[in-house]
Amino acid sequence: MQTSFTPEFIQTADGERVNKILRKCVHCGFCNATCPTYQLTGNELDGPRGRIYLIKNFFEDNNANASKEIASKHLDRCLTCLACETTCPSGVQYGELIDIGRKHINTSLERPVLSKIKRKLILNIFSSSKRTSMLLAITRICKPFLPTTLASKIPAKINLPRHSSSQNEPHTTFTRKMFTIKGCVQNAAAPQINLATKKALESSGIQLDEINSPCCGALAHHLTELEHAHSTIRKNIDYWHQMLTSEYNNLLINSSGCSSFIKQYITVMQDDNDYAEKAKFISERCIDLSELANELTVNTSLDKNKTIAFHSPCTLQHGQQINGKIEEKLKQAGYSLVKVIDSHLCCGSAGTYSLLETDMSSKLLKDKVTNLQQYQPDIIATANIGCLMHLQSATKIPVKHWIELIA
Ligand code: SF4
Ligand code: SF4
């Protein structure tokens, strides 16, 4: 793709990056075939190729407010699911491109006041486990009075067993030592996932300690609240770097949205002279739980006589290109996996997308649940808290994190 950016823009670090990425695109449109939002609306601007043109036009002539508003609307509608990156035969790094596009386009426009308030509220509540817990407690009390669609989104309260951290037989010698983070939404809505992770790892000879880091910064980054995101990331890097240079081998993350984002610290912080090197160090030592799947010992007392539909989150299959490891582990454990049609498509959760782009998100959810339920599985399993809660709001079939079926 030919570009004609202004000399001022092309000489910036973002200008060079955008130029390099755009030059790889050959306009073939293969990416549209696997784009969930293009499939829904049929509008070229709701597909990756159209969005690429919107970003290109912005950087070639960014003065017209009307075109900025159109660009912003269609970039907001993008799930950042990265199905297009998986499909693209030319290796266009769409994820990096849309991050740069959003940074410049969204910050050059004033959003309507209500939209700004909504985004601030989402960021402030869901980046904190405490505030998410408070919101869940209030909404659970009000649940009988809420409309069904809203009530269905409130997860049931999980009561953890007493002395839960020592319920497994401790492994006498650990071969590796890892840490995980307490996190934000998952800790409030599904604390049993970290518990199951610790149990599975420690039964397999890997010590896992939980530290009190509240959020990886993905939430702020996806809302283009970049100062907030960078400040969170810097705090995390300082803390985690110290852990990883002392006694811990790896940072282990069991929610693929967070592991995918921490692996992107290397890119997100590349222009920060003080943190770029340390960000690379962290990204290289972050592992998603699925990468350990084949090492994990399966709890023999669990009932494996169940059928499972596995939903692979976009942040796992497209963002990290990790495929088949969890499915293989579940089969090895004794479960039967059913076929899932269009398994490459996003469920519509996509971080804050389900709260901001409710119409598109609901349509994607409906299609995804229909496909997951098609062969009547006993359980739906996934690997990311956002997908888990989103899917559970639309089905009576229990939706579990895969580690709960192993530990
Ligand atoms: S598939 Fe790749 S090269 Fe083709 S239009 Fe999409 S981004 Fe460009
Ligand atoms: S990231 Fe997903 S929604 Fe966005 S353009 Fe690519 S395929 Fe479409």
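Student: Where is His-27 found?

Tutor: Good place to start, and keep in mind that this is a predicted model. His-27 sits in the loop between α2 (13-24) and α3 (36-41).

Student: What is the phi of His-27 near?

Tutor: First the general idea: most residues other than glycine have a negative phi. His-27 has a phi near 60 degrees, a positive value in a residue other than glycine. Leu-82 also has a positive phi, of about 65 degrees, although it is not a glycine. Leu-82 belongs to the loop between α5 (65-76) and α6 (83-87).

Student: Is Leu-82 buried or exposed? And how does His-27 count?

Tutor: Here the cut-off matters: buried means under 20% relative accessible area, exposed over 50%, and partly exposed in between. Leu-82 counts as buried because its relative accessibility is 13%. His-27, at 34%, counts as partly exposed.

Student: Let's turn to helices. How many residues does helix α9 have, and what should they span?

Tutor: Helix α9 (residues 129-142) has 14 residues, which at 1.5 Å a residue should span 20 Å. The end C-alpha atoms of α9 are 20 Å apart, in agreement with that expectation.

Student: Which residues of α9 are buried?

Tutor: They are Ser-129, Thr-132, Leu-136 and Thr-139. Looking down the axis of α9, you find its buried residues within an arc of 95 degrees, so they line one face of the helix. Those buried residues pack against α8 and α11 (185-189).

Student: Which exposed residues does the face turned away from the buried side of α9 carry?

Tutor: That face carries Lys-130, Met-134 and Ile-141. Take Lys-130: with 69% relative accessibility, it counts as exposed.

Student: You mentioned α8. Which residues make a nonpolar surface patch?

Tutor: Val-113, Leu-114, Ile-117 and Leu-121 make one of about 420 Å². Leu-121 lies in helix α8 (residues 113-126). At 47% relative accessibility, Leu-121 counts as partly exposed.

Student: Now a contrasting case. Why is α15 largely enclosed by the rest of the structure?

Tutor: Count its buried residues: 6 of the 8 residues of α15 are buried, so the helix is largely enclosed. These are Ser-256, Gly-257, Ser-259, Ser-260, Phe-261 and Ile-262. Ser-259, in helix α15 (residues 256-263), has 0% relative accessibility and therefore counts as buried.

Student: What is Ser-259 in contact with, leaving aside its neighbours within four places in sequence?

Tutor: Ser-259 is then in contact with Ile-253, Cys-286, Asp-288 and Gln-320.

Student: Next, charged pairs. How many salt bridges does the structure hold?

Tutor: The general idea is that side chains of opposite charge can pair when their charged atoms come close. This structure holds 20 salt bridges. Among them is the one between the side chains of Lys-198 and Glu-202, at 3.0 Å from N to O. Lys-198 and Glu-202 are 4 residues apart in helix α12 (residues 192-203), which means about one helical turn separates them. Glu-202 counts as buried, at 11% relative accessibility.

Student: How far apart are the closest N and O atoms of Glu-284 and Lys-280?

Tutor: They are 3.2 Å apart, and the two residues form a salt bridge. Both lie in helix α17, 4 residues apart, about one turn of the helix. Lys-280 is partly exposed, with a relative accessible area of 34%.

Student: Which parts does the pair of Asp-272 and Arg-234 tie together?

Tutor: The side chains of Asp-272 and Arg-234 meet in a salt bridge (3.0 Å, N to O). Asp-272 is in the loop between α16 (265-268) and α17 (276-285), while Arg-234 is in helix α14 (residues 226-244), so the pair ties together parts 38 residues apart in sequence. Asp-272 is buried, with a relative accessible area of 15%, whereas Arg-234 is partly exposed at 29%.

Student: Which residues are linked in a network of salt bridges?

Tutor: Look for Asp-14, Arg-17, Lys-103 and Asp-271, which are linked in such a network.

Definitions and conventions
Residues are numbered from 1 along each chain as its sequence is written. Chains are lettered from A and ligands numbered from 1 in the order in which they are written. This is a predicted model: local features need pLDDT of at least 70, side-chain atom pairs count only at pLDDT 80 or more; totals for chains, interfaces and linings use all residues. Side-chain values use heavy atoms; hydrogens and water are left out. Patches are made of residues with over 30% relative accessible area and no salt bridge: like charges are joined within 9 Å, nonpolar side chains (Val, Leu, Ile, Met, Phe, Trp, Tyr) within 5 Å. Accessible areas come from the Shrake-Rupley method with a 1.4 Å probe; for residues, only the protein chains shown count as cover. A salt bridge is a side-chain nitrogen of Lys or Arg within 4 Å of a carboxyl oxygen of Asp or Glu. Helices (H or I, at least four residues) and strands (E, at least two) are DSSP runs, numbered from the N terminus. Buried means under 20% relative accessible area, exposed over 50%, partly exposed in between (1.4 Å probe, protein chains only). The expected span of a helix is 1.5 Å times one less than its number of residues. The arc is that of the directions from the helix axis to the C-beta atoms. Contact means heavy atoms within 4.5 Å.
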